[in-house]
Amino acid sequence: MKQLWFHLMPYTDLPDDFRDRHPSVWVDIDSRLFDPAKGHRMYNEFMDELEFAAEAGFDGICVNEHHQNGYGLMPSPNLIASALARRTSDAALCVMGNSLALYNPPVRVAEEFAMLDCISGGRLIAGFPVGTPMDTCYAYGMNPSQLRERYHEAHDLIMKAWREPAPFAWNGRFSQLRYVNPWPRPLQRPHPPVWIPGGGSIETWQWCAELDYVYAYLSYFGYQAGQATMNGFWEEMKRLGKDRNPFRAGFLQFVGVAESRQEALDIYREPAEYFYNRCLHVDARFASPPGYASEATIRSKVVSQVLAAASRATDREAFGPPPFEEIVSKGYVIIGSPDEVAEQLREVALSLNVGQLMLLLQYGNMSRDLAFYNTELFAKKVKPQLASLFEDEWENRWWPKPLPAGERARPREIQA
Amino acid sequence: MSAPHERSVRLLGDDVRILEKGEGAPLGFLPTFGGVLAWTPFLDRLAAGRRVVVPSLPGFPGASGGFRRLDDLADWVTATLDLLEAAGLDGADLVGHGVGGLLAAEVAAFSRASVRRLALLAPLGLFDEREPVADVWAKRASEVPALHSAKPEAYAQSLACPPGQDEVEWQLAQVRAMEAAARLLWPTGDRGLAKRLHRITAPTLLLWGSEDRIVPASYAKRFAEGIAGKAEIRSIPGAGHRLDLDAPEATADAILAFLAS
């Protein structure tokens with residue numbers, strides 16, 4: 001099983017009374033709360049943490065894209081990934097955004113991902129999210145009724161740009177380009193592995209199956225709530241005649257590991273509460289712009305008890321923040337000693353049948369020191385217990401194929 | 001209130017409903033957000049004076065998913081012209097309300113001969129950031145009725161699924177109508193109408209509810225100043241954006257008086 005280290009880059013200094021005094025962490029968050037001097041420190045510490053995770057032996061490090069968001073300081077994940085490409089050598093670089101419809105022309109994504117793939121020596125995983133309503137429709141003004149059409153056209157254009165050996169013209173509904181001919185080209189041929197972060201939409205599952213992409217369910221509510229969605233995913237794969245290769249699926253899980261369960265409960269309470277209380281304080285007004293969900297998805301949510309249950313679980317923030325006891329008992333954050341965490345993660349992987357496990361080991365206002373502790377202990381005592389899971393039985397066809405280590409460029413040491 | 005006559009025409013691959021009632025020269029009506037779920041007292045009052053023809057706008061109740069073929073404003077104007085012609089409204093008097101007001105104004109600007117007299121009820125299409133049009137999308141469900149109507153309970157009641165109708169399909173028709181409006185208007189509703197107002201030469205009534213919480217009543221003056229034809233501003237005291245619901249008789253009578261003048 002692949003174990004990837006995921007950073008959301010949350011602003012760690014939202015005020016204690018944030019939830020009471022501000023309507024939303026996203027879209028119209030009070031810009032006066034952002035202190036650029038603190039931002040300087042946070043960005044550098046967050047990148048330290050990502051580099052530390054790569055050094056500690058995680059299989060991949062993940063960044064993603066959010067806009068006008070107090071818990072996601074990466075409007076451009078490509079900027080961060082570019083710096084990481086220079087400062088890491090072996091870990092896969094999993095960029096779980098670019099929200100394709102937001103790039104104009106979309107060949108910008110083909111170009112920047114190709115740059116990242118070249119700089120990193122072929123370590124890129126290309127994430128193509130549609131993007132949340134908050135990011136796309138509200139922060140970036142994208143028409144919700146056109147978002148998916150634009151996304152699909154952008155996808156087709158990017159993939160053709162990567163595959164075609166010669167310049168071509170593109171006369172799409174939304175993009176018209178006389179000469180499509182990205183330079184550079186991705187190092188991985190014909191293209192880097194494509195992962196699709198998504199919610200529980202049936203169309204996304206069918207699309208991933210058709211194009212042979214990884215479906216990554218990025219929930220903040222743990223494996224118990226994720227069960228219904230992942231069951232739905234695997235049922236759909238079966239219906240479409242696809243195998244149960246667990247590497248088809250990714251899942252995001254928060255973890256806090258310490259020498260003992262009690263110590264873990266003590267030290268991870270504050271950052272977990274910060275995340276679920278302040279970071280997930282998203283105004284429900286932004287949740288469902290008309291057209292964002294397709295009619296088929298709305299219909300299926302009305303008729304499908306499975307998805308309705310999943311929706312209830314993930315809409316938890318609409319009813320106020322969960323207490324810490326619930327965060328732990330429902331597995332939003334898996335808390336415990338290394339053996340306890342490994343045992344629970346084994347259950348997560350097996351019950352959801354997920355081979356690409358993305359782990360959030362920094363969350364909320366967690367300090368760099370605590371993130372290092374969590375990361376190091378996980379890498380030393382948890383990760384090895386899970387590393388062989390699924391590996392003998394299934395082939396991971398969705399993992400980067402970099403240049404051999406001996407052929408990769410080594411950045412020059414800098415004399416301070 | 002007797003039922004209107006119902007027929008359908010083909011547009012954008014949909015069977016599109018056309019409701020019709022009354023005698024005399026045809027009078028077209030293009031509705032605002034949500035469309036016409038069922039014939040209303042306002043339409044009935046209008047039909048006392050004229051033959052009222054209500055074609056379903058793309059994606060609105062009575063139409064279906066064909067609106068997703070429409071990408072830009074030229075597509076919407078073309079579809080609206082096609083719809084008016086199919087409904088027998090080419091060159092007729094036209095009432096456009098809110099979302100339908102924007103399309104009625106665009107049609108009158110692009111194709112002057114298509115509209116004889118024009119009544120715009122709180123039309124969308126302009127945007128002044130000092131006094132912005134409301135964001136109708138980023139709202140909690142509980143905030144919606146009072147945004148659209150000065151009689152929120154009556155507004156909510158008008159959206160309730162009648163007995164015997166399929167609840168899911170009824171809800172989806174409303175969701176689809178909001179998506180169609182979003183497809184045309186997102187995010188501010190400004191699709192460049194200000195640059196075309198000078199082409200509107202039809203005599204125009206600008207009718208507003210004084211308590212409109214979506215398009216500020218002050219926008220009437222902006223429209224009147226931009227339109228080349230003779231423009232007359234009237235206000236319906238106490239009514240919100242849905243003046244047809246809040247004050248059906250006063251609204252219908254103001255329109256009929258303007259058309260008869």
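This is a predicted model: local features need pLDDT of at least 70, side-chain atom pairs count only at pLDDT 80 or more; totals for chains, interfaces and linings use all residues.
Residues are numbered from 1 along each chain as its sequence is written, chains are lettered from A and ligands numbered from 1 in the order in which they are written, and side-chain values use heavy atoms, with hydrogens and water left out.

Stay with chain A. Its C-alpha trace spans about 60 × 55 × 50 Å along the principal axes. Of the 416 residues, 59% count as buried. Buried means under 20% relative accessible area, exposed over 50%, partly exposed in between (1.4 Å probe, protein chains only). Chain A has 14 helices and eleven strands. Both are DSSP runs, numbered from the N terminus: helices are H or I, at least four residues, and strands are E, at least two.

Now the interface. Chain B gives 22 residues to the contact, and chain A gives 22 residues. How much area is buried between chain B and chain A? About 1800 Å², with 52% from carbon and sulfur atoms. Here buried area is the accessible area (1.4 Å probe) that two parts lose on being put together, summed over both.

Next, charge. The rule finds six salt bridges across the interface of chain B and chain A. A salt bridge is a side-chain nitrogen of Lys or Arg within 4 Å of a carboxyl oxygen of Asp or Glu. On the side of chain B that touches chain A, the classes come to eleven nonpolar, no polar and eleven charged residues. Nonpolar covers Ala, Val, Leu, Ile, Met, Phe, Trp, Tyr, Cys and Pro; charged covers Asp, Glu, Lys and Arg; the others, Gly among them, are polar.

Look at B:Arg176 and A:Glu295. Their side chains meet in a salt bridge, 2.7 Å from N to O. B:Arg176 lies in helix 6 (residues 167–185) of chain B and A:Glu295 in helix 10 (residues 295–303) of chain A, so the pair joins two chains. B:Arg176 is buried, and A:Glu295 is buried too.

A:Glu149 takes part in a salt bridge with B:Arg183, where the closest N and O atoms are 2.8 Å apart. A:Glu149 also meets A:Arg173 in a salt bridge, at 3.7 Å from N to O. That pair links distant parts of the chain, 24 residues apart: A:Glu149 sits in helix 6 (residues 147–163) of chain A, A:Arg173 in the loop between strand 5 (168–171) and strand 6 (176–180) of chain A. A:Arg173 is partly exposed, at 42% relative accessibility.

Last stop, inside chain B. B:Arg116 forms a salt bridge with B:Asp93, the closest N and O atoms being 2.9 Å apart. B:Arg116 is in strand 6 and B:Asp93 in strand 5 (residues 92–97), 23 residues apart. Buried or partly exposed: which is B:Asp93? Buried, at 1% relative accessibility. B:Arg116 is partly exposed, at 47%.

Note on methods. Contact means heavy atoms within 4.5 Å.
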